[in-house]
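Student: I would like to go through the aromatic contacts of a structure. Please show it first.

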Amino acid sequence: MRLFIAIQLNDALKRSAREVQTDFRRLHVKGNYIPPENLHITLAFIGEFGDPDRILELMEGVVFQPFTITMDRIGCFDTLWWTGFTQSSGLESLAGQVRHILADTKVPYDRSRFKPHVTILRKAEFTHGRIEPVTIHPASMTVDKISLMQSTQGKNGRIYTELGSVIMQ
Ligand code: 2AM
């Protein structure tokens, strides 16, 4: 099964991301708009792995103090558009810790550098010229949970299912 470890967004962040998507639509930008239930921050992408319980067990070893993140920017990697965050040492060290635990136990994961972002639109196509949304209503949330997610292909796109999570007090 296709697995990744992620932070799920609270409603305020989902709302703010949706507003940016609405702005893209108003600017006649075509593409794959990510539905609200699929919005997340990936900490580590594992990919095909047969033993989710093993990953959940490893996640139990992650320890962090809950911290606040603020989503306040928009950017792109080529045709993939995202919303991003005020630099957060909490986020960096959480991703670092998750990845260390996977590396230490030889669980393969995508080693590309961690770039905290929420993908909101893939394969963007500017049909009326390249005018980009620039405003985002900053939104914050407390990160106190990490989730093991399974990605499957549904009829109308990817379905992400939370297989389990670890919550910090
Ligand atoms: P993306 O949104 O920037 O593409 C599920 O695919 C999640 O894992 C997405 O958030 C995706 O990021 C992320 N991811 C990271 N590395 C990936 C990879 N090598 N293949 C697919 N998804 C990856």
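Student: Is Trp82 buried, partly exposed or exposed?

Tutor: This is a predicted model, in which local features need pLDDT of at least 70, side-chain atom pairs count only at pLDDT 80 or more, and totals for chains, interfaces and linings use all residues. Residues are numbered from 1 along each chain as its sequence is written, and side-chain values use heavy atoms, without hydrogens and water. Buried means under 20% relative accessible area, exposed over 50%, and partly exposed in between (1.4 Å probe, protein chains only). Trp82 has a relative accessible area of 15%, so the class is buried.

Student: How many aromatic pairs does a search of the whole structure find?

Tutor: Rings of Phe, Tyr and Trp (its six-membered ring) pair if their centres lie within 6.5 Å; planes under 30 degrees apart are stacked, over 60 edge-to-face, and the rest tilted. On that basis the number of aromatic pairs found is five.

Student: Which geometry do the rings of Phe64 and Phe67 have?

Tutor: Phe64 is buried at 10%, and Phe67 is buried at 13%. Their ring centres are 6.0 Å apart and the planes stand at 65°, so the pair is edge-to-face.

Student: What is the geometry of Phe77 and Trp82?

Tutor: Phe77 is partly exposed, with a relative accessible area of 31%. The ring centres of Phe77 and Trp82 are 5.5 Å apart with planes at 45°, so the pair is tilted.

Student: Which residue has its charged end over the ring of Phe77?

Tutor: A charge sits over a ring if NZ of Lys or CZ of Arg is within 6 Å of the ring centre and within 35 degrees of the ring normal. At 5.2 Å from the ring centre of Phe77, the residue is Lys115.
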